Amino acid sequence: MTTVEECRLLDLPTIVRAEGNITPIEGGKHVPFEIARVYYLYDVPGGASRGGHAHKQLQQLLVSVMGSFDVVLDDGFTRKTVRLDRAYYGLYLPNLIWRELENFSSGAICIVLASEPYEESDYIREYADFIQHKKSAAEMVR
Ligand code: T46
C-alpha cells in the first residue's frame, strides 16, 4: 500500500559552473527505477491543471526544470501538496498515488521520468475507482 509519505523529494546532482549548471539523472542510480520513458509538460495555460489520475504500476520522477507548479498528492487517506520550483529537486511518485498538478507559473516546464512506456490501461482516471484499487491493495497485504 503506497502512501504520500513515500512521495519524497530527491536531491539531484548539480554540476555548477560559472557558465551554467548541469543536472544529470541516471536510471537506477539517481532515481529508484530504470527509466523507460521521458516526457515533458510545457505551454501550460494559466489556470490549467494536469494529472487528475493515478497509475496502477507506473513510478515517476517529476522535475520542474523551469518555473514552478504544485503537485497535490493523495493516497486515499492523506492529501499533501508539494511545490516544485528547482531543477535539482525531483519528486518521486510510487504507483497508486492520485496526483493533480496546478498553479503553473508562466513558462513552467515539468520533465517526467517514467518507469514504463505509455500504456493507457495503467491509468485510473476516476477517483472512485482509485479508492477501490487502494482498498483491494490493502486487503492483499492483510
Ligand atoms: C502525471 C503528469 C505529470 C501519450 O500518448 N503518451 C504519453 O507518454 C503521455 C504521458 C500521454 N499521452 C497522451 C495520452 C492522453 O491522450 O497524452 C494525453 C494526455 O496524457 P495524460 O492524461 O497522461 O496527461 P497529464 O499531463 O494529465 O498527466 C501526465 C502523466 O500521465 C501523469 O502521470 O503525473 O503528466
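**Leu96.** I began with Leu96, which counts as buried because its relative accessibility is 11%. Buried here means under 20% relative accessible area, exposed means over 50%, and partly exposed lies in between, with a 1.4 Å probe and protein chains only. I looked up its backbone next: phi of Leu96 is near 55 degrees, a positive value in a residue other than glycine. Leu96 sits in the loop between β7 (89–93) and β8. Strands are DSSP runs of E with at least two residues, helices are runs of H or I with at least four, and both are numbered from the N terminus.

**Basis.** I am working on a predicted model, in which local features need pLDDT of at least 70 and side-chain atom pairs count only at pLDDT 80 or more, while totals for chains, interfaces and linings use all residues. Residues are numbered from 1 along each chain as its sequence is written, and side-chain values use heavy atoms, with hydrogens and water left out.

**Asp43.** I then turned to Asp43, which is not a glycine but has a positive phi of about 55 degrees. I found Asp43 in the loop between β2 (37–41) and β3. Asp43 counts as exposed because its relative accessibility is 70%.

**Helix α1.** I checked the length of α1 (residues 127–141): its 15 residues should span 21 Å at 1.5 Å a residue, and the end C-alpha atoms are 22 Å apart, which agrees. The expected span is 1.5 Å times one less than the number of residues. I listed Phe130, Lys134, Ala137 and Ala138 as buried in α1. They cover an arc of only 100 degrees around the axis, so they lie on the same side of α1. The arc is taken from the directions from the helix axis to the C-beta atoms. Ala128, Glu139 and Met140 are exposed on the other side of α1. I noted that the buried residues of α1 pack against β3 (50–55), β5 (69–74), β8 (98–102) and β10 (123–124), with contact meaning heavy atoms within 4.5 Å.
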